[in-house]
Amino acid sequence: MFSYCLRRTLAAVPVMVVVALFVFLLLRLSPGDPAAIIAGDMATPAQLDRIRETLGLNQPIYLQFFHWAGELLRGDFGTSLMSNLPVTQLMAQRLEPTVSLALLSIVLSVVVAVPMGVIAAWKHGSLIDNAVMSVSVLGFSVPVFVIGYLLIKVFAIDLGWLPVQGFKRISEAGFGPFIRHAILPALMLSTIYIALIARMTRASMLDVLGEDFVRTAHAKGASETRVLFKHALRNAGVPILEVIGTGFALMITGVVVTESVFNIPGLGRLTVDAILSRDYPVIQGLILVTSGVYVLINLAIDLSYALLDPRIRYQ
Amino acid sequence: MSDDATHAGLAPAPVLEIRGLKVTTHASPAKPILEGIDFSIAPGETLCLVGESGSGKSVTSLAVMGLLPKGSLTVTGGRIELEGNALLDASPKRLRDLRASRMAMIFQEPMTALNPLMRVGEQIEEVLVMHQKGLSSTQRRERVLEMLDQVQLPDIERVYASWPHQLSGGQRQRIMIAMALILEPKLLIADEPTTALDVTTQKQILKLIKQLQERHGTSVLFITHDMGVVADIADRVCVMRHGEVVETQPIEALLRRPKTDYTRQLLTAVPSLRPRAAREVTDREIVLEAIELEKRYGQTSRWARLTGRASAQTLAASEVNFALTRGRTLGIVGESGSGKSTVARCVMRMIEPTAGGVRVMGKDIASLGRAALRPHRKRIQMIFQDPFRSLNPRLTIGASLIEGPVNYGTPRGEALARAAELLALVGLPKDALARYPHQFSGGQRQRIAIARALAMEPDVLVADEAVSALDVSVQAQVLALLDDIQRRLGVAVLFITHDLRVAAQICDEVMVMQKGVVVEYGPASRVLGAPEHPYTRSLMLAAPGRHWDFSRFRPLDRVLEETPASASNAAVYP
């Protein structure tokens, strides 16, 4: 078990190195002078010199990389060109809204989708199954912003139960106000994942319900609930976890639309702003952080497989 | 006392009684699967349900347990009574209560019948959790350990905490038996429980079931297709065919005086354990030769080297030598893990041997590269075990047959003409060319697989358990076909099998393997007729029904007997 975890963890390191190299080269290998790209069209020669100096562009390229990577390891992602604030600080401010929203959405998706999928598989071919499948097709095909605006129209404007836009941090306002502000964006964000996870749960459960050990469980006199949840669901778990993990990673990076619709100051908004203003240090930092999140989530999924399945644990 | 009462006293009430049981498919129009089944089982009795695939024997057992696949099969008539309880009228809750406590079932595949994510001890304990709510967890654990001891598992504390994948097939089947019998049910249904096991393991499991049956007074409904097993364990036999009971008789009477032609056919088709005489040597040309062949698995991984851990290497086959001459059949016999399939795959160069040579028509192909190997591939062709998976379902039979020759440059038209000839050779109609695999039965598909192998005009056919998935009557036909083809085309056959009966009927020479090593090699008449090596003897002794000459309806006059010497030797080779 320990060696499995260690191997998986070590395997994540080269991935991060490659990502860092890519982010580094992104800027240096673009045509033209990086300093000019960073500074934009309106820069003065003095500004260009200052940028070259801070980026160390006068040094050989491999030295530049080691220098830059060293700064990264010390937690220094550079300074934003627009706001002159450290990139780390900018991202830290925006991390909480995005991560808390993504977490809420993924919990919501799992709680809704897994039982839906299990029941659809159990009542395979029935009315319930067809209903679940139709709803999930809908979840896939309706654009998220349409769902967002519909939710606002119904729950915020017509019924007036919830605020239209804005965001409250748990760290500042507490859990109640956070939920009041986050529930609609979380619903909007999770529709696709509810559809995806419900489908995967159903397919995976259908496979498992045809297995011999399920028949054994029935032959022992186990009740339907016991067979479904104690025997089948865990065995169907690996592909479901895979989707949940990927879903979570995609949420972190894919919240742009949701954050725009609900006016939430998260990483998605920061990304859009940085790209529009060509704030390269911020873009680099964002790519690094999101890739890091991907790698970490993948690692977490791999490790959870081992928790779930003894055959992986003892490999 | 009236006659009736005496009669009732003599024949105790049956544990299970089935009358007029009818099952149909759920589709429309509904297709009948069982057409009025009748039989009963007395307390402590073993009733064998025998029949070929599609006879409805498994459906019968699932109907008793109430486990017919929902939405595809339904009971449409008749009654099933377990100790007087009408099972077909019982509520789902009542049925659940009866399962495991009054009737229990074990299945064919011990490898997949246990939940892979639960420790085996917990899985047995679950039966107690569900059915005996009053027990404390310590009491439950004690009961489970006691049961593990009863099914003769070693080191029960360790087994209790094991995961299924850590146990062998035989051990898992013991776990299944422990799970089935822990509540001392009156009826045990065993659906081909030993079919997936090696003969020596099969022998132990059958013995165990018998012992526990006697100890607990359980009635056993034993489903099998293997007449050898039937001869060894049955009190009475019920023969089924196409969803009907053909005849029911006590075992001795059935084997000696079958009432129906069908039973007679079934018995006649059982291959004899006594080896047939070797054919005359007509050609001395060696077409296939293995020289000091070796296959080692598990080269030291980089990780193991890095951490300095000892590498776990397995010798799947070592020092294998044999020579196969034109027109002959060499059998490789052994249990699972003996290395027989490894040898076949090395010879085919589907895997790389780690040492030694393979000569096909005198040319060593063991070390040839991919391109150099190509011209030699067609000389040696393979027939696989499962005809349901070895043909591409999306290709017509014609397309499957000509694919190989066309790859080697034969013009399409010519290859198709040849394919039609081959179909005639294997006894299939010409119009089969345009049809798809699902339109054929298992036996027909195996004929197609043989035709496909022959299309390459090989010198050697490698048949890996090629008749193991077939019913005995079909098996006999396919074996006869192979024999006929050999006579006509002079092709040599390397026949891999675990079934000593089949080996005795088709092989001229036999090689017995155990744990990657050849233990005995020689003419079939000697190796199987008068085995010298203790392992070969133990295999022969474990062959089910070895006392009976099925096709002559009488016991064998001369059988290999368990001598104290062979018994002690057999213990050395478990």
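Analyst: Some notes on the model and its chains follow. This is a predicted model: local features need pLDDT of at least 70, side-chain atom pairs count only at pLDDT 80 or more, and totals for chains, interfaces and linings use all residues. Residues are numbered from 1 along each chain as its sequence is written, and chains are lettered from A and ligands numbered from 1 in the order in which they are written.

User: Which residues of chain A does UniProt list for "transmembrane region"?
Analyst: The unreviewed entry lists 9-27, 99-122, 134-157, 177-196, 240-262 and 282-308. Such annotations may be inferred rather than shown by experiment; feature names are shortened and positions use the numbering used here.

User: How much of 134-157 in chain A is helix?
Analyst: That span is 92% helix and 0% strand, with its end C-alpha atoms 28 Å apart. Helices (H or I, at least four residues) and strands (E, at least two) are DSSP runs, numbered from the N terminus.

User: Now chain B. Which residues does the domain annotation cover?
Analyst: UniProt's unreviewed entry gives "domain: ABC transporter" for residues 18-267 and 288-540 of chain B. Residues 18-267 of chain B are 39% helix and 25% strand.

User: What is the strand order in the open sheet of chain B?
Analyst: The six strands run β16-β17-β18-β13-β19-β20 in chain B, with mixed pairing; two strands pair if DSSP finds at least two bridges between them. The edge strands are β16 (380-383) and β20 (517-523) of chain B.

User: How do β19 and β20 of chain B pair?
Analyst: They pair in the antiparallel sense over six bridges. B:Val512 stands opposite B:Glu520 in β20(B).
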